[in-house]
Amino acid sequence: MRRRLLTAAMVLTLGSTPSWAAPATPPCEAALGTWDYVAPSKPGRAVVTKLADGRHHLVWILSEAGATAAGAWEGTCEGSRRTWRILFPSDPATLGRKILEEFEVSGDAIRFWLLGPDGKRGPMGGARRLP
């Protein structure tokens with residue numbers, strides 16, 4: 001009888017023990033920050049912020065072999081996808097264009113793909129979060 005009571009008490013105690021693991025950060029929040037591009041991306045940096053109204057803003061710069069490109073985008077984020085609208089383009093012909101991005105964040109690393117009109121992923125890019 002004592003053994004049954006002890007077993008039942010252990011089950012109840014273990015079943016009610018809170019998890020000490022930190023809750024997972026939603027992908028949209030995990031993708032915010034300052035990032036240094038890493039291979040296979042071209043060298044550069046990006047800063048992703050979130051405004052009070054929920055819009056995400058991205059300012060980026062790429063620099064390779066004497067050529068520099070920069071841009072600013074704003075968009076919405078849902079799950080692991082962001083829909084961007086180009087505000088300041090490196091190519092004036094792309095002003096206002098919408099771009100769909102899919103991303104995966106793992107700790108201080110992010111992988112991302114721009115999606116084509118058919119929904120297929122383009123080449124992968126990567127970045128590491130700066131402290």
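Predicted model: local features only at pLDDT ≥ 70, side-chain atom pairs only at ≥ 80, totals over all residues.
Residues are numbered from 1 along each chain as its sequence is written, and side-chain values use heavy atoms, with hydrogens and water left out.

## Exercise 1: the disulfide

Task: determine which residues the disulfide joins, and state its handedness.

Solution. Step one is to identify the pair: Cys28 is joined to Cys77, with an S to S distance of 2.1 Å. Step two is the torsion about the S-S bond of Cys28 and Cys77, which is about -95°, so the disulfide is left-handed. Step three places the pair: Cys28 lies in helix 2 (residues 27-30) and Cys77 in strand 4 (residues 67-78), so the bond ties together parts that are 49 residues apart in sequence. Here helices (H or I, at least four residues) and strands (E, at least two) are DSSP runs, numbered from the N terminus. Step four is accessibility: both Cys28 and Cys77 are buried, where buried means under 20% relative accessible area, exposed over 50%, and partly exposed in between (1.4 Å probe, protein chains only).

## Exercise 2: the strand order

Task: work out how the strands of the chain are arranged, and describe the pairings of strand 8.

Solution. Begin with the inventory, which comes to two helices and eight strands, following the pattern α-α-β-β-β-β-β-β-β-β along the sequence. Two strands pair if DSSP finds at least two bridges between them, and with this criterion a closed barrel of eight strands runs 1-2-3-4-5-6-7-8, with antiparallel pairing. Strand 8 (residues 121-129) pairs with strand 1 (residues 33-38) in the antiparallel sense over four bridges, and Arg128 in strand 8 is the bridge partner of Asp36. Strand 8 also pairs with strand 7 (residues 109-115), again in the antiparallel sense, over six bridges, and there Trp113 stands opposite Met124. Strand 7 and strand 8 form a hairpin with five residues between them, and Gly119 in the turn has a positive phi of about 85°.

## Exercise 3: salt bridges

Solution. The structure holds 11 salt bridges, each being a side-chain nitrogen of Lys or Arg within 4 Å of a carboxyl oxygen of Asp or Glu. Arg85 lies in strand 5 (residues 81-88) and Glu74 in strand 4, so the pair ties together parts that are 11 residues apart in sequence. Arg85 is partly exposed, with a relative accessible area of 33%, whereas Glu74 is buried, with a relative accessible area of 12%.

Terms used
Disulfide = S-S within 2.5 Å.
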